[in-house]
Amino acid sequence: MTTSSAPSPTQRRARRDTSNHSSRSEAEGKQRVNDDLYDAVVVGAGFAGITAARDLVDRGRKVVVLEAGARIGGRTYARPFTGHEDRQAEFGGSWVNRELQPGVRREIARYGVAISEDVMPESAVFLTGGALRSFPVPARELADLERVLGHLRDASKRIAPSQRLTSQAIRDLDISVDEFFAPLNLGPATRDLVYTTIGWYTGADPREVSIFGTIAQTAGFGHSPYGFFGALTERFVGGAGVLLERMVEQSRLEIRLGHHVAQVEQHEDGVTVRTRDGQAVRARTCVMAAPTNVLRHIDFQPGLSADKAKPLAENHQGRAYKPTMLVRNVPRRPFAFGRGILSAICLGYELADGTSLLMGFGEQAKGRLDPTDREQVQAAVREYYPEAEVLAVDAHDWNTDPLFDGTYRIDRPGEAYDFIRAMNEPEGRVVFAGTDLDDSVWRIWIEGAVNSGYRAADTISLLLAR
Ligand SMILES: Cc1cc2nc3c(=O)[nH]c(=O)nc-3n(C[C@H](O)[C@H](O)[C@H](O)COP(=O)(O)OP(=O)(O)OC[C@H]3O[C@@H](n4cnc5c(N)ncnc54)[C@H](O)[C@@H]3O)c2cc1C
């Protein structure tokens, strides 16, 4: 598989910026400080950073975005699938729901990007309670299934989806998954169904994570646990990057790719942001929109407050895989779910020659899987479909990519609520943004990144108005 697609107009423009800065820096032979003083420097060109930058530019502010990678989009990343170039392999964020997600709805309407609706699966197979079955639990566990859905829905009803999570008295929901479900004494297949759902959603070992996010997410799905399977059914035609490209182009955002931020130093009257290769940008404020898992590699001067520094010092739990697979010999419009190496397999696209592009989801906690290794992926698919033939596979390994070091932030029990609250407090002139710290039921999704970008732009506007 190729590793990069043709550069977009944004990438081309930003690459020119990069080379200009490097050559001048070499000529001076010392660290160069950009004489331009920006109102805000935004670190990270994912949905959060670009939304925040766009909103600030809309308000007449002078903004620059520094992105370490060679492309915009961060954890939304798609490229044509080799041999079927009219179809995208989507390695990160793809599914949205305009009805449930107000930020995504607003952005899609503003820029007029095309959306496609998924087709419903026509066959399903579940690997639960040690058996492959067409319904997730056997008849003797139907009551368990009803109790588990009710338990989750009842807890979610304590959360108002339109309000900030940390403005609600729900800190007591930040407990382990085991503790939350223990009173139900579930049968083995129901337990597999529930724990696989949480493993799939979090990309982590469900026994190690807080149930807080799962309950909040259920509230986001309209207090419906079924939402984990049926709520997000819309995708961007051409990938989510199409929307980001429009945001960047129409607002004429200044984005510098290949600018890996290493230090953020605050002064009395502003912020100096330095990159690994010695470039410096001065601004009155900073939006830090890099994934929270990599913030510990950035030198903040002065240091971050203890309630941020402590949780940021450790790796979070979210480490998922999402291979896109060209497959034959599987049922039409399949859906597979359960205790296999891959927790879920669903349809990406049906192809005219009878093959399908499927998307798989797995967690590193279940065992090391190389999502780009065709044979390993085929073995994982055959746990559900023994006849399946995986012809080709493509993926991006977020867990070994140092710009992400994982998929999305998943907290240990007792850490979710406090982390969100701490990260949403500015540190002087530095405001944090990103899906990992979004204070809404859509945390960890594209909607969470957009929402966090809105919030960061509002906070920066207040700081600048002082
Ligand atoms: C496998 C997977 C599947 C997903 N599926 C869905 C889905 O179906 N639907 C959905 O809504 N969401 C999904 N998501 C989540 C969604 O993609 C994210 O929530 C969203 O894209 C995060 O946006 P962000 O701006 O917060 O962070 P990012 O997109 O990660 O942006 C942060 C940026 O910061 C950059 N950066 C890192 N370090 C530095 C540094 N030192 N200096 C400068 N820049 C730096 C990174 O390169 C990156 O571009 C998925 C994510 C993954 C990984």
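Modeller: A crossing of two helices is called right-handed if the near helix is turned clockwise from the far one by less than a right angle. The model discussed here is predicted.

Biologist: Which handedness does the crossing of H2 and H13 have, left-handed or right-handed?

Modeller: H2 and H13 cross in the right-handed sense. The axis of helix H2 (residues 47-58) comes within 7 Å of the axis of helix H13 (residues 446-465), at an angle of roughly 40°.

Biologist: Which residues in H2 and H13 meet?

Modeller: On the H2 side, they are Phe47, Ala48, Thr51, Ala52, Arg54, Asp55 and Leu56. Their counterparts in H13 include Ala449, Gly453, Tyr454, Ala457 and Ile460.

Biologist: Which residue forms a salt bridge with Asp458?

Modeller: Arg59 does, and the closest N and O atoms are 2.9 Å apart. Because Arg59 lies in the loop between H2 and strand E2 (63-66) while Asp458 belongs to helix H13, the pair ties together parts that are 399 residues apart in sequence. Arg59 is partly exposed, at 41% relative accessible area, and Asp458 is likewise partly exposed, at 40%.

Biologist: How many salt bridges does a search of the whole structure find?

Modeller: The search finds 34. One of them pairs Arg332 with Glu122, at 3.0 Å from N to O. This pair links distant parts of the chain, 210 residues apart: Arg332 is in the loop between E16 and E17, and Glu122 is in the loop between E6 and E7. Glu122 is partly exposed, with 47% relative accessibility.

Biologist: Turning to Met120, where is it found?

Modeller: Met120 is in the loop between strand E6 (115-117) and strand E7 (123-128). Together with Tyr226 and Phe229, Met120 makes a nonpolar surface patch of about 340 Å².

Biologist: Why does Met120 count as exposed?

Modeller: Its relative accessible area is 57%, and exposed means over 50%.

Biologist: And Cys346, is that buried or exposed?

Modeller: Cys346 is buried, with a relative accessible area of 14%. The residue lies in strand E18 (residues 342-350). Leaving aside residues up to four places away in sequence, Cys346 touches Trp95, Pro334, Phe335, Leu358, Met359 and Phe361. The C-alpha atom of Cys346 is separated by 8.0 Å from that of Pro121, and these two residues are 225 residues apart along the chain.

Biologist: How many residues of helix H7 are buried?

Modeller: Eight of the nine residues in H7 (residues 212-220) are buried, so the helix is largely enclosed by the rest of the structure. Among them are Phe212, Ile215, Gln217 and Gly220. The cover over the buried residues includes helix H4 (142-156), H5, H6, helix H8 (227-230) and helix H12 (416-423). Gly222, which follows H7, has a positive phi near 75°.

Biologist: Which residue other than glycine has a phi near 45°?

Modeller: Arg333 has that positive value. Arg333 is found in the loop between strand E16 (324-328) and strand E17 (334-338), and counts as buried at 19% relative accessibility. Asn185 also has a positive phi, of about 45°, but Asn185 is exposed at 66%. Asn185 lies in the loop between helix H5 (177-181) and helix H6 (188-202).

Biologist: What kind of peptide bond joins Gln301 and Pro302?

Modeller: The bond is cis, with omega about -5°. Pro302 lies in the loop between strand E14 (299-301) and helix H10 (306-312). Most peptide bonds are trans.

Methods
Residues numbered from 1 in each chain as written. Predicted model: local features only at pLDDT ≥ 70, side-chain atom pairs only at ≥ 80, totals over all residues. Heavy atoms only, no water. Patch = residues over 30% accessible without salt bridge, like charges linked within 9 Å, V, L, I, M, F, W, Y side chains within 5 Å. Areas by Shrake-Rupley, 256 points an atom, 1.4 Å probe, with all protein chains shown as cover. Salt bridge = Lys/Arg side-chain N within 4 Å of Asp/Glu carboxyl O. Helix = DSSP H or I, 4+ residues; strand = E, 2+ residues; numbered from the N terminus. Buried < 20%, exposed > 50% of the residue type's maximum accessible area, 1.4 Å probe, protein only. Axes fitted to C-alpha atoms, helices over the stretch in contact; angles between N-to-C directions. Contact = heavy atoms within 4.5 Å.
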